[in-house]
Amino acid sequence: MDAREWLAAAGRFVLPPRCMACGDRGVDGTELCAGCLASLPLNGMRCLRCALPLPRETAVCGQCQRKPPPWHAIWVPFRYALPLDRLESRFKFHGQLAAGRTLSQCWLRADPPDELPQAIVPVPLHVSRLRARGFNQALELVKPLARRFGVSLCFDAVERVRATDAQSELDAVERARNVRGAFAVRRVPDVRHVAVVDDVMTTGATLGACARALRDAGVERVDVWALARTGLG
């Protein structure tokens with residue numbers, strides 16, 4: 001635990017945690033109240049191959065039938081909706097690390113994946129984006145999960161070698177084109193099974209590009225993880 005994390009923990013000990021979403025009293029050692037915890041949008045009805053929210057669970061959605069994803073398994077326990085979307089915006093775009101800590105707490109409360117990887121690879125930011133933001137949101141979110149699961153965190157395995165446009169401004173075809181060739185494997189993890197992790201999954205283009213890079217580098221099995229999935233296919 002570094003000095004910043006120690007000070008945050010000390011503050012939570014002295015002052016009871018408050019809900020990051022509504023300001024009410026936090027419960028169960030989290031910075032969410034009982035109501036907001038109960039309202040977390042679970043991604044129960046989904047495609048089991050890409051985690052796209054659907055009216056009912058299906059093994060393979062139409063999109064995955066047309067173009068199978070490049071990963072082996074997927075774990076995305078939530079839908080991108082209230083209160084997670086507001087916390088994500090505060091964390092990712094306004095630098096509120098406390099909101100990121102709360103998102104990690106939510107992720108830790110979800111049912112774990114069926115099989116744990118031997119290493120976790122957070123999706124990297126380009127150096128220019130990292131310099132501007134000051135932190136990699138995928139790395140910060142997954143640190144507590146790596147500790148809980150006892151899985152190695154390979155934060156330098158993959159490099160973003162090309163600055164890309166913001167994915168949020170692009171449609172599905174443009175997203176895939178935007179990240180094509182944007183990632184390179186700097187250090188191949190010395191394991192057969194890894195999970196690539198991002199904060200939010202929309203079309204899966206970014207996670208898919210990272211998964212392909214790792215598979216092309218010789219990693220036998222690549223899963224993908226994200227905290228939440230949007231409703232956009």
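## Ground rules

Because the model is predicted, local features need pLDDT of at least 70 and side-chain atom pairs count only at pLDDT 80 or more, while totals for chains, interfaces and linings use all residues. Numbering runs from 1 along each chain as its sequence is written, and side-chain values use heavy atoms, with hydrogens and water left out.

## The chain overall

Of the 233 residues, 47% are buried (under 20% relative accessible area, with exposed over 50% and partly exposed in between, using a 1.4 Å probe and protein chains only).

Contacts here are heavy atoms within 4.5 Å. Among those between residues at least 6 apart in sequence, 68% join residues at least 24 apart.

## Helix 7 and its bend

Helix 7 covers residues 137-149, and its 13 residues reach 19 Å from first to last C-alpha, close to the expected 18 Å (1.5 Å times one less than the number of residues). At K143 the helix bends by about 35°, and the proline P144 follows within four residues. That bend is the angle between axes fitted to the seven residues ending there and the seven starting there.

Both ends are worth a look. N136 caps the N-terminal end, with a side-chain oxygen 3.0 Å from the backbone nitrogen of A138, and after the helix comes G150, which has a positive phi near 70°. The buried residues of helix 7 include L139, L141, V142 and L145.

## Two nonpolar cores

A nonpolar core is a set of buried Ala, Val, Leu, Ile, Met, Phe, Trp, Tyr and Cys residues joined through side-chain atoms within 4.5 Å. The largest one has 32 residues, and F183 and L214 have the most contacts inside it. Strand 3 (119-122), strand 7 (193-201), helix 9 (205-216) and strand 8 (221-229) each supply at least two residues of this core, with helix 9 giving the most, seven residues.

Leaving out residues up to four places away in sequence, L214 touches V121, V158, V185, P189, V194, V196, V219 and V222. Apart from this core lies another, of 29 residues, among them C33, F78, L87 and V197.

## An aromatic link

The structure holds five aromatic pairs. Rings of Phe, Tyr and Trp (its six-membered ring) pair if their centres lie within 6.5 Å; planes under 30 degrees apart count as stacked, over 60 as edge-to-face and the rest as tilted. F149 and W225 form an edge-to-face pair, 6.1 Å centre to centre with 80° between the planes. Since F149 lies in helix 7 and W225 in strand 8, the pair ties together parts that are 76 residues apart in sequence.

F149 counts as partly exposed at 22% relative accessibility, whereas W225 counts as buried at 1%. Ring pairs also link W75, W107, F149 and W225 into a cluster.

## Buried charged residues

R221 lies in strand 8 and is buried, with a relative accessible area of 11%. Its side chain makes polar contacts with the side chains of E115 at 2.9 Å and H193 at 3.1 Å. A polar contact is a pair of N or O atoms within 3.5 Å; within protein, one must be able to donate a hydrogen and the other to accept it, and residues adjacent in sequence count only if both atoms are side-chain atoms.

E31 sits in the loop between helix 1 (3-14) and helix 2 (34-38). E31 counts as buried at 8% relative accessibility, and a polar contact of 2.7 Å joins the side chains of E31 and R101.
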